[in-house]
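Here is a short briefing to read alongside the model. Take a look at the structure first, and then we can walk through the fold, the strands, the helix contacts and the charged pairs together.

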Amino acid sequence: MEIDLFEHEQQIYDGALDYADKVRNGKFYDFEEYLMLTKEYGKLLKQLRRATRIADRTTINLYESNLDLTDKVNYDMLTGIYNRRYLEDGLKRVINTLVRSGGGLLSVLMLDVDHFKKYNDTYGHCMGDACLKVVASVLTESLTRDDDFVARYGGEEFAAILPNTDENGARKVADKMLENMRQRNIPHEKNDAAKCVTFSIGFTTGNVGFSQNGTDYLKRADDALYISKQSGRNKCTYINFKEENTCIALQ
């Protein structure tokens, strides 16, 4: 059964129109009846204002809820930086934008905290969480352009996306990240080479084309990261996006 929530209001409106029509056709003008209709209209106006305020509050609450939901969906709860979901979506948007603009260079970095399991085993998981927060802060502070962003890929792995950045530009960012982390000088006695928390980096640079996707770049950067980890850690390795055997390890 359909219910008309404004049935009473409609009756008042119809009554007012009917009364106006009768007065126009010669009916005696009754001031008291006019006053009654005016008071009824005032009640309707008051109800409308109240309904509008409720609707406004509801809209604001929905907007704030959506913002909160967006934060939960796109941000890593521990470190406060973007999460893997945002990384994959954001990387896809970057590639699509570059393709639509006729192509452009894209550099992708993959990073892994060196001997992080040993760090957790030695200092405890609370200290491990604190360490990851510092790493996230170091990576974020090492970027200088609004279009660049970092994200937590998972566990102790992170990624950085640098649109319109060539190999040399990405290398400078990687070196800056490594140096900034070393300067934090967070003790890590099980990291034999450095005795402090460090991370390894692998990165790749390519000219974006229609046939490429974000997974291709992440995989290539991860291949470079593997070389860094196998060749001593606390360094950066570059692999050209298309040349399978091109790599340069940086101390």
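Before we start, a residue is called buried when its relative accessible area is under 20%, exposed when it is over 50%, and partly exposed in between (1.4 Å probe, protein chains only). Helices (H or I, at least four residues) and strands (E, at least two) are DSSP runs, numbered from the N terminus. This is a predicted model, in which local features need pLDDT of at least 70 and side-chain atom pairs count only at pLDDT 80 or more, while totals for chains, interfaces and linings use all residues. Residues are numbered from 1 along each chain as its sequence is written, and side-chain values use heavy atoms, with hydrogens and water left out.

**Overall fold**

- The protein has seven helices and six strands, and their order along the sequence is α-α-α-β-α-α-β-β-α-β-α-β-β.
- Of the 251 residues in the protein, 37% are buried.
- Taking a contact as heavy atoms within 4.5 Å, residues 24 or more positions apart account for 65% of the contacts with a separation of 6 or more.

- How many residues of strand β3 (residues 157-163) are buried? Seven of its seven residues are, so to speak, under cover.
- E157, A159, I161 and P163 point one way from β3, F158, A160 and L162 point the other way, and all are buried.
- In a regular strand, side chains alternate between the two faces of the sheet.
- Two strands pair if DSSP finds at least two bridges between them. Strand β1 (residues 105-113) pairs with β3 in the antiparallel sense over seven bridges, and L111 has F158 as its bridge partner in β3.
- β2 and β3 form a hairpin with two residues between them, and G155 in the turn has a positive phi of about 60°.

**A closer look at A151**

- A151 lies in strand β2 and stands opposite A159 in β3.
- With a relative accessible area of 0%, A151 is buried.
- Leaving aside neighbours within four places in sequence, A151 is in contact with I81, Y82, N83, L87, F158 and A159.
- A151 and G80 are 71 residues apart in sequence, and their C-alpha atoms are 9.2 Å apart in space.

**Helix contacts**

- For the two pairs below, axes are lines fitted to C-alpha atoms, for helices over the stretch in contact, and angles run from 0 to 180 degrees between N-to-C directions. Angles under 35 degrees count as roughly parallel, over 145 as roughly antiparallel, 65 to 115 as roughly perpendicular and the rest as oblique.
- The axes of α3 and helix α7 (residues 214-230) come within 9 Å and cross at roughly 110°, which means that α3 is roughly perpendicular to α7.
- L87, L91 and I95 of α3 make this contact with G214, Y217 and L218 of α7. By class, the residues of the contact of α3 with α7 are five nonpolar, one polar and no charged. Here Ala, Val, Leu, Ile, Met, Phe, Trp, Tyr, Cys and Pro count as nonpolar, Asp, Glu, Lys and Arg as charged, and the others, Gly among them, as polar.
- α4 and helix α5 (residues 125-141) pack at about 135° with their axes 7 Å apart, and they are therefore oblique to each other.

**Salt bridges**

- A salt bridge is a side-chain nitrogen of Lys or Arg within 4 Å of a carboxyl oxygen of Asp or Glu, and the whole structure holds 11 of them.
- D76 forms a salt bridge with R152, with the closest N and O atoms 3.3 Å apart. This pair links distant parts of the chain, 76 residues apart: D76 is in the loop between α2 (31-74) and α3 (84-100), and R152 is in strand β2 (residues 149-154). Both D76 and R152 are buried.
- K117 and D121 form a salt bridge with closest N and O atoms 3.0 Å apart, and both residues are exposed. They are four residues apart in helix α4 (residues 116-123), so about one helical turn separates them.
- R171 and E167 meet in a salt bridge at 2.1 Å, N to O. R171 is buried at 16% relative accessible area, whereas E167 is partly exposed at 22%.
- K219, R220 and D223 are linked in a network of salt bridges.
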